[in-house]
Amino acid sequence: MKALIIGCGIGGPVTAMALRQVGIEAEIFEAYGQGADNVGSFLNIASNGLAALRTLGAHRKVLATAIPTPRMVMWSGSGKRLGEVANGLRLDDGTVSHTVLRSELYRTVRDEAEQRGIRVFLGKRMISYEDTGPQVTATFEDGTQVTGDLLIACDGVHSRTRTLLDPQAPAPRYSGLYSFGGIVEDAGVSGEPGVYNMVFGKRAFFGYTVAESGETWWFANLPRRLGDVPADWTPVLAEAFEDDANFSAGLIRRGGVDLALPVHDLPPVPVWHRGRVLLTGDAAHATSPSSGQGASLAIEDAIVLARCLRDSGGHEEAFRRFEAERRPRVERVVAYSRTISNSKAAGPVARVFRDLMLPFFLKRSASQESLAWMYRYQPSL
């Protein structure tokens with residue numbers, strides 16, 4: 001059996017490795033003419049995502065490029081400590097959640113896939129596919145075609161495959177937030193390494209952690225009308241934090257803003273598969289970054305899909321089993337993440353209510369068991 005993997009982000013290489021581990025050949029087709037070696041800021045790989053990577057024997061190389069971030073402390077914009085929660089749960093070997101540059105994670109999983117004999121083709125933007133029943137053929141913008149037994153979509157929140165599979169599929173929905181991030185060397189910021197400090201500011205949300213090296217890794221979420229893009233984000237974002245009792249405005253001015261992206265997620269997608277075509281990762285269930293679960297869910301998908309294909313009588317049964325196992329979990333994570341995003345975009349009245357109620361919520365959530373449903377999920381292969 002041969003699988004055509006559409007998209008070489010994080011999910012594509014991991015899915016190809018998982019399929020190869022159960023004896024299914026896989027090739028990856030990426031729309032862009034060059035890899036994402038310098039794309040994106042940084043992201044969280046929760047302990048459940050690392051457990052899934054460990055199943056493939058691919059977690060150690062990822063950990064080597066990442067920094068451990070097992071805890072989160074919440075603050076108000078006035079400087080009041082609101083509470084603390086775990087950022088994931090420790091695995092049985094002591095591994096905790098980590099933060100990694102997206103480019104490093106991409107490079108690591110892509111290189112690992114290629115070292116395992118998986119071919120990656122760049123500049124292959126799929127424009128259509130034909131499912132003939134016995135096989136499926138993908139047609140690319142450059143006029144070339146390739147035929148396989150399965151077509152697995154790993155092409156992200158703006159998936160072309162999703163639209164081809166179901167023209168009535170819901171479009172990505174804007175969260176109301178723009179996302180920013182950066183790393184500042186020698187910022188002079190004090191803080192315990194491994195702790196994310198999350199600040200619910202008066203007009204925007206700010207998060208940061210201090211690495212052992214002394215670098216400050218920061219991100220921000222700014223409520224903004226979609227498409228309202230200034231010529232220079234740096235003064236706009238810094239001004240949003242001027243009235244907060246922390247150093248965020250000065251740090252942003254010092255480091256500048258190089259990357260600004262609108263945050264989207266997906267409402268429930270009715271059709272995940274049809275015939276020999278299946279959606280996975282963000283193509284099926286994109287979540288906002290607020291849960292820190294996007295990459296982890298895609299990695300989990302890869303493990304579950306490979307197992308279902310190995311243990312089922314055919315691809316249709318495998319796809320049904322995959323959806324039945326994954327849909328309840330991922331839709332719960334998407335909803336949970338959207339709730340957090342909404343709290344970041346709160347108006348003046350809602351903001352006061354949020355800051356009053358958040359300490360009680362955090363006390364209830366401080367127990368590791370409160371989020372065990374999210375972090376203790378460890379699919380086997």
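Biologist: Where does helix 10 bend, and by how much?
Modeller: The bend in helix 10 is about 40° and falls at R326. A proline, P328, follows within four residues. Bear in mind that this is a predicted model.

Biologist: How many residues does helix 10 have, and how far does it reach?
Modeller: Helix 10 has 30 residues, 315-344. From first C-alpha to last it reaches 41 Å, close to the 44 Å expected at 1.5 Å a residue.

Biologist: Switching to the inside. Which residues have the most contacts in the largest nonpolar core?
Modeller: Those are I5, L19, L105 and I152, in a core of 78 residues. Helix 9, residues 294-311, gives the most to this core, with 10 residues.

Biologist: Now rings. How many aromatic pairs are there?
Modeller: The count comes to 16 aromatic pairs. One of them is Y178 with W233, a tilted pair at 5.2 Å centre to centre and 40° between the planes.

Biologist: Which parts does the Y178 and W233 pair tie together?
Modeller: Y178 lies in strand 13 (residues 173-184) and W233 in helix 6 (residues 233-240), so the pair ties together parts 55 residues apart in sequence.

Biologist: Are Y178 and W233 buried or exposed?
Modeller: Y178 counts as buried because its relative accessibility is 4%, under the 20% cut-off. W233 also counts as buried, at 10%.

Biologist: And Y336 with W373, why is that pair edge-to-face?
Modeller: Their planes are at 90°, so the pair is edge-to-face, and the ring centres are 6.0 Å apart. The pair links distant parts of the chain, with Y336 in helix 10 and W373 in helix 12 (residues 372-375), 37 residues apart. Y336 is partly exposed at 25% relative accessibility, and W373 is partly exposed at 22%.

Biologist: Which residues form the aromatic cluster with F206?
Modeller: F206 forms one cluster with Y208, W218, F241 and F247.

Biologist: Next, helix 4. Which of its residues are buried?
Modeller: S103, L105, Y106, T108, V109, R110, E112 and A113 are buried in helix 4.

Biologist: What do they pack against?
Modeller: The buried residues of helix 4 pack against helix 1 (11-21), strand 3 (42-45), helix 3 (59-63), strand 7 (98-101) and helix 9.

Biologist: What follows helix 4?
Modeller: G117 follows helix 4, and its phi is positive, near 90°.

Biologist: Last one. Where does L56 lie, and is it buried or exposed?
Modeller: L56 lies in the loop between helix 2 (47-55) and helix 3. L56 counts as buried, at 4% relative accessibility. Beyond its neighbours within four places in sequence, its contacts are V14, M17, A18, Q21, R116, I303 and L381. The C-alpha atoms of L56 and V14 are separated by 8.4 Å, though the two residues are 42 apart along the chain.

Notes:
Residues numbered from 1 in each chain as written. Predicted model: local features only at pLDDT ≥ 70, side-chain atom pairs only at ≥ 80, totals over all residues. Heavy atoms only, no water. Helix = DSSP H or I, 4+ residues; strand = E, 2+ residues; numbered from the N terminus. Expected span 1.5 Å × (residues − 1). Bend = angle between axes of the 7 residues up to and from the residue. Core = buried A, V, L, I, M, F, W, Y, C linked by side-chain atoms within 4.5 Å. Buried < 20%, exposed > 50% of the residue type's maximum accessible area, 1.4 Å probe, protein only. Phe/Tyr/Trp six-rings, centres within 6.5 Å; stacked < 30°, edge-to-face > 60°. Contact = heavy atoms within 4.5 Å.
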